[in-house]
Structure formats: structure tokens, C-alpha cells
Amino acid sequence: MLDSTQTFDTALADEDRWTVPDEWWARAVPTRGYGSPRPVSMMTDATYERAELLATYRNYVVETLDLMAAAGNTDLAEAGRAAMDDPAGCAPLGAAVLAAAVDLGRNRRPQGSEHTADAWVIERGMVFAAEAATLLAGLRFGEHYDPVAGRWTAFLDRHPADYPGHSAAPEPLIRMRAHLAAIPEDEYRAVVTRLGVLRRTVGGLAVRLATTFLAPTEQQWVAEDVDAVVPIDSNASRFIMLAASVTSRADLERVIDAAGTDQLPYFHGSAYLYSALIRLGPECAGVLDRLLRRGEMVSEAAELLSRLPSDEAFGILNSRSDQRFLAPALLEAAKRFPRRAVRMLRPRAARSALARQILRAVAHAHPDLVAELPELAAFAGGRQRPATAAELPELLRIPPWQRPRQQGTPLVLTDLLAPSPDALAGEPDDRAAVSAWMVRRLDGRKTRPTALAWFDRHLTTALPNLIAAALATPGKDRGPAEAALRTLADRGHRPEIESAAARFDDRVIAAIGTVLDTDPLSQLPTKIPATPEWLTPELLPAIALRATDAVLPVHSAADVCTMLAMCGPSGDYAGVARLAELVDADSLAEFAWSVFEMWRLADYPAKDTWVLRALALVGDDETARRIGPLIRIWPGQSAHARAVSGLDILTEIGSDVALMQLHAIAEKVQFKGLKAKAQERIAEVAEGLGLTPEELADRLVPDFGLAANGTLALDYGPRGFVIGFDEHLKPTVSDAIRGADDSWQPTGLRKSLPKPGVKDDPELAPAAYKSFTDLKKDVKSAAADQIPRFERAMVQGRRWSAAVMYRLFVQHPLLWHPIRRLVWATFDADGTPTGSFRIAEDRSYADVHDDPVSLAEDTLVGIAHPLHLGTSLAAWGELFADYEILQPFPQLQREILAFARDELTASTLTRFEQRTVPTGKLLGLTRFGWERGEPMDGGVSIEFVRNLADGRSVVIGLDPGILAGAALEWAEQQITVRLTETGHESYWQRGEHSGPVFADLPPITASELLRELNQLIA
């Protein structure tokens, strides 16, 4: 993190000036004409080393040369034999063949070594060595199985004329480029002349690429070889070597796109990239962006981008800041290019806490820029009045950990047993679990009122378990239990607590008295946590006091961080709850989020996970909105545990918005482990409320501050607007005029909500615009969850009582919009449809003839499937068309499908047999409830599975399958479709038992299954 005490020369010259960082030279392959010549330190034992290797592998070399001759490569074999007999007088081809054969014996790769190149230079000179290295690059190896000897043997031949060779360039070639970059010009020109002859006479693409690599000064050669670049659909190609020689962005990107970014992390690929960076600098941003998009060298690519002085490089980091390693790189780029950071981050600051955090860091590190750039002043702080000593809460005047400590050891009483009333349903262990769960809910700002109300109702039955936990061995349960007892005592329940303690024994009475009389602020850890290096309290946003117009002074920010750092699995420091009562909740939540952003910029140091606990303790709806998307991507960044902790944040915040985020993750996230954990949290919350997860989901959608008629009035002062919603819950904006009752009445639709202007109220208009921005985000999330839920409810046959449906949906100001655009049906106890109705604009019910419909409160209702509507389906379609009612998903126009006669008695669908479908379409089936099968060997899933309930599942077999971590590796799949018993979906679990047939499926299930499969092959 930037140190606010550090100063920088903000009179730095042009932020677009490119200077190669010193350390990059050593990482690149040397390039003649770039940088200071670096003479190569010759390996003095090179000749000896080469002779020793030849002696060691002589028999293998002889065998390899014989195999070459037998395969028809007699010229290569003879050249190699001549080199064995006279290494100091052989031709360059013989030296190349011999080096390859020796290396095959050593490590089964014809790559040679640095010793080989130096031996050639020492014995025969630069021209010979360069030619030998070039010819070595033109050789390839194969393997031959000898059934008599029972082993594989290697042999050598030439690369085909149009093949570039595999990506691993021979080591002598790499070494020779270093030699040639440093030798005198006349000697270099002699080498280039000979290489030019090789390009014309020996030919072959692999040889030509080698000459271009050795002589990057010859840009005509480079241009010729770039023109030959084509994608190679096999092992990575040696085209990647051209990256070390090209001098234009277009050529570099052509090479990388053809050879593949996956080559850059291996062999010398990274060195080629650094060579390109040295020559092209900011023009390499596009290639680095490709690395980020494809998940290659992410950390290194991000660091490289942070050093490039261009808007493109900064913009890539800015747009991908949620990707692992990129937020810290964005901060580094802002430190190097502060003016660019202000210009490019300022437009994003209103919606990005990370952008605001970095701009605050820039403002503190470059104070002279604040005067130069007025747009930076808002992030410099200093506009709010710091609290005086008298205004400062007692908790922060002298923090408890800076006061003298009272010594003492807590009394531990284990295995406490006492008669427990039976008012809490279940066995004793169940009662303890419910009580412990409610204790945890006391920590959440949103869930605390519910937990307190629960304890008020169940005090007598909960106290025995609470007392036992408060006297147990110190750990994660004792601290919260002690805090809960003190909270209940403060609410006037001390007599009941003492009475419950008396039911144990005198020791418990005394111990509980001590717990209740202990100042919770004095309950401190043995070691007070130090401020982490990554955390700069001076850069955190101010926390506003409730009682005054002042904010906490800068020095108090560090104390607040210390309190938050004392919270965690073993319990939370009581000072945090006390502080939350004294300060503005929104500013405290923003403070905690800024701490999180600093932690994120440091790449989430593992020892400081208390930051996540801080978000759970003081976070708000905005915290939930921000953390939700991060939770979804963390498992893909090898951070599953952090993602699960994120679920705990949402659970403990506990607001409708937070639980809506939690439910969305439980329904739709690509990582099965995280999805299962989210479903556990939802089930836990639902159980605590006495609901099923589906019933909880029905209740999770907030009203978002909408009026009863489902609109939101926005007051700009002299003008106003009314927000409504269409069938897909997309906001609509209407101009509005003030009515007689001073309310805003819509007049006509407009394209979008305008930004506040100079004539608008300076306070009302920005607040209204922000509320609309927040509303759009929340409703977009709700729509993505709720509209598919209503469609699933239709398909899966969910039912509600008329009273519950009216309360949850008809009266809901947001959900009212989609549900009134659907046809509903009534059902008897057996599930048979008995009628149908729609919801009129006045929230009354009407049938297909527009006659009123009355429903008893206990009438079973559900969203009608077309198969429920029978002969009234066409009439409903005409009515909706007449009224121009658009539906949130296909209902009245939904296809109705059935199995063919011969398919009814089968368990496979031959009409889909061996059909080829795009892999992307298969992945899209997850929105209907399909899931990938468990990965087999190699991480490949060869099935897509849909549980149809009633013990049946349908399985789509895949060939070649879907690769874990690279789902689109194979663009198409050949499929089969079969029906099976649930639990026998896997190919290996099918067995010989007779499974279900398609005639067993209910008509709606059959129709929906065929509809999904038809969409797959459409």
C-alpha cells in the first residue's frame, strides 16, 4: 500500500515516456542493437564436457545413427559418424547430428546444451557454431519400438520443409544468439552472410526460423517468416521464437495468436516476451491482455502491464481489477502514473470502492497534485471536522488495551448438566444447537433484532445451554455466550439468568455473577494485534459520529482497525458492538470495506482474514452487493475457503439484500463446492425461520422502497420522474409532474433517467440519481433470480395457498410486475386443475372471459403450464394479445411436446443419437437444472445430468467430454440421451438392472425435457 508519508516527484516528466526497467534485460534473450552489449562468459570446460558426454553415450549414439541410416537418412548418419571420428574437423551438419544424438541418449530430447555451443565456438569459430546451431534446429526425433529388444529407441530425421519445429528451441541456438549479440560487427556480418546462404540452400521453415532468431537485425528475414506464420493444430510450434525478433505490434500479435499464449510460460517463451517488451514497450499491452484472458502468467503479466506507460495498459488493469493479482498491479500502476490514474479512475470512482481507495492513496502520496488536479481534491480528505477530545467516545480516548490490565484466569466448568424445560422442540443437543445459532445471530447488525426477540420468547429454555457455553473451555463458543448473557442482562433479564444459574450449583451462581459484572471491553486477547504492513489507516474514509457533525480523527482509525482485528473464530471484541452504537452505520460499513480493499490490494494475506469478519460485523446492503460477485469468482482463483467465509458474511449481515445474494449463489454458481456450502447456509437460515429453502426464497425479495403500486418517484426539485418496470423487471423511466397531493404523476416514457443538471436541487437530485443507480443493480440481481424461479415453479408444479400467494406476490411492489403477466391455475388436493385466472391491474382476479374470480384463502394455486389450460389455452392467448400483455417467459406460447410411440417403451432417444452440438449450448442447460457429471480420469466429465424427481434422471452422454477448468477446450460434443434411475447416472453405475422408460414420465416433465433437448440441437 502507498505510504502516506512518502513523497514523490510529481514534476515527473511525461507519463507516456517509455524506459526499459533495468531488470528486464537479464530476463530477455539478448538482442543485437538493443541495450549495452553483454559479452558472453565462455564455458572453459565446454570441450571437455562435450567429450565426456560422447564417451558416456557412445553406444547409444552408434545405435541411433544406425537406425537413421536404416530409415533412409544416410546423409545424416554419415555426417554424424564423421563427427564421431573427428569432432574437430567435421562439417557443421555432422556436429549438429552428433549433438542431437548425444542429447537423445542423455534426456531423450535433441536439444543440445550451452556447453555444445561454446565448444563449437572455441574449436571452430562463430560462423561454424552458428551454422551448426541452425542445422540442429532443423532436426527432429522420433521413437521406434523394437519388439525383439522390448524397448523404444529414438532416431533422428529432418523436419518437413513447411513445419516450424516444436516450441523448445535447441539450447545451442539460444546460446549462439547471446554470442552474436556481443561480437564485433565484421565478425557478425560474416555470420549473417553464411546464414543467408543456409536460408537459400538448405531451406526448410525450421532452419529459416533459426536464422531469423540468430540475426534479428535482418528484418527482411523476419518479414518473410512472419508471412509464413499459420496456426499449428498440434504441439506448440517454434513460430513463438519470432516474438524475440519482430519489431511491430501487428507482427507480434500475429505470432502469438498463431503459436498460442500457452507457450510463453515454458522453455524460453518468457524470455522471448521480454525481448518483445524491450523493443515494443507499451505496444505489447494487447499480448499481455491475451495472457490475462487465457489465464497464463497472470501475476507476471499484471506486473508488466503496471509498468507500461499507456492508457491501454492502465485500462486493461482497470477493467480486470476483479481478476486475481490485478488489483495490486493497478495500485502499482497508479503509483507510477498518478495523473493517468486520476484521469482514468475518476469516472469509475462513483461505483467502485477500489477506485476510490486508489485515488485516496494517490491524493495522499502526491499532495501537490491535489492543487493541480481539482478532481483529486474530493479524495484528499480534510473537509470533515475531526472530533475534539471531548466529543470522542470514551472507548477511543484511551483504548482499553492501552489501560492497565486486570489479571485473572477465567473459571472453567465443564460437563454442566441441569434440568432443561421442554419448550424448545427436540432433544437437548437440538436445543443447544438452536441456542448457539441464535447467539451467532446476535453478532449481525441486521439479524440482532430477530435474535433478541427469539431470546425474549425462549429465555427460560435457552438459558441453561447459554450458561454452560459461557463457562466452557475458552474457545469460539465461550466468548459469544458470555457476551450474549451480558446483553440479556442489560435488557433486564439478570434475575432470570441468576435463577437459571441457581439450578446448577453455587459455583455456577458465583461464576455467572463474575461474567455479568465483567466489563466486556476488558476482555482482550493475550497479544494485541499489530497494524499489518499493508494497512495504512490514514488512507481510510472517515467514520462519522452520530451525536455530532464530527468524524473520528485519523489516529482513531488505527484503533478501530485494532478492534476489528481482535474479532474472529474465537469471539468478537465487544468494543466493535459498542462503537457501532456510537457512529454512523453507513460510514462504518464503508470504512470496513476500505480496509477490505487494502487487504485485496495486498493480494489477501492469509494471516489477516479478520478483515472478512469485520465485513460480517459492520457490513450493510452495499457490502452484500459488493462481496457477492467476488464470492462467485474466488474459487476459480484457488480461494475456496475465502469464498465460504464470504458466504458467512452474507449470512451474518442477514438483510434481504444479503440473503438474496446468498440465495443467488446457492442457485447459480459454477463451483459445486461453493454452491453446496451456500445451499447449507440457506437451509440453516430457513430452518431458523421455520421455512423450507424455497419458502425462504419466496420471501427474500425486498420491496426496494417502491410504492404499493410498484413505482418509485424520483424528486429532482423542479422536475421529477417515475420509475416502473416491464415484464422482465427492467426499469422504465417516465417524466412526471406534481399532482394536487404534491406527489409525482407520470406523463410520458423517456429513454433513460437524466443526470442531475445545474437547475436541479443540489441535494435532492444527486440523492435521487444514486437511489436509482442502486435500485437498478438490486433489481437486476433480483430479476436474474426470480423470473427463472417463477418459470421453474411452473415446470416443477409448485403450489401456494391463495392467501400466501396474495401476500408474497400480489402485494409485493416488485414481483407484482411479472406475476400479473402470467396465467394462474387453481388445483384440488390431488393436483388436478380446477380453473384458471389472471391478476388484473387493480390486483383482483379475472378468468379467461374477464369475469371476476373469488378464491378462498386455502385454495391451492400455481402458475399454469399450458397443459393445465386445456381448451382455454387459445382463448387465454387471444386475451393477452388483445390487452398487449407481454410475458416474462414463454407460457401461453410454450411448445407442447410428447414422445413418439416407439420412444415411450425405450430408455434412450435415438433421434438425438450421435448428434453434434456446441459445447457452449450444453453449458447453457444449467439454467434448466442440468449439472455436469463427476470428472473422470484427466478431469473430463462425460455426462450432463438432470434429476427429474421421483427417482428418475436423464443423462446426456458426451464425447469427447467437458474438461474441468477449460470447459470450451472442445468446441463440439457428440451426444446420446438416456433415462436412468437416480443414483445410476454415471456410465460406471449403470449396471445390468432394467431402468425406467420414457412412458413413466408425467406429460409436463416429458414436454419440458424434449423442449430443452430440442433447444440444444436447434
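In the predicted model, F213 and Y272 are both buried. The centres of their rings are separated by 5.8 Å and the ring planes meet at 75 degrees, so the arrangement is classed as edge-to-face, the angle being over the 60-degree cut-off. F213 belongs to helix α10 (residues 205–214), whereas Y272 belongs to helix α13 (residues 269–280); the contact therefore ties together parts of the chain that lie 59 residues apart in sequence. This pair was considered within a search of the whole structure, which finds 20 aromatic pairs.

An edge-to-face geometry is also found for Y604 and W634, with 5.8 Å from centre to centre and 85 degrees between the planes. Here the pair links distant parts of the chain, 30 residues apart: Y604 is located in the loop between α29 (585–601) and α30 (610–618), and W634 in the loop between α31 (621–633) and α32 (640–653). Y604 has a relative accessibility of 10% and therefore counts as buried, since this value is under the 20% limit. W634 is likewise buried, its relative accessible area being 0%. Y604 and W634 belong to one aromatic cluster, which also contains W593, F596 and W599.

Charged side chains are placed over aromatic rings at two sites described here. R642 lies over the face of Y604, at a distance of 3.6 Å from the ring centre.

Note on methods: Residues numbered from 1 in each chain as written. Predicted model: local features only at pLDDT ≥ 70, side-chain atom pairs only at ≥ 80, totals over all residues. Heavy atoms only, no water. Phe/Tyr/Trp six-rings, centres within 6.5 Å; stacked < 30°, edge-to-face > 60°. Helix = DSSP H or I, 4+ residues; strand = E, 2+ residues; numbered from the N terminus. Buried < 20%, exposed > 50% of the residue type's maximum accessible area, 1.4 Å probe, protein only. Lys NZ or Arg CZ within 6 Å of the ring centre and 35° of its normal.
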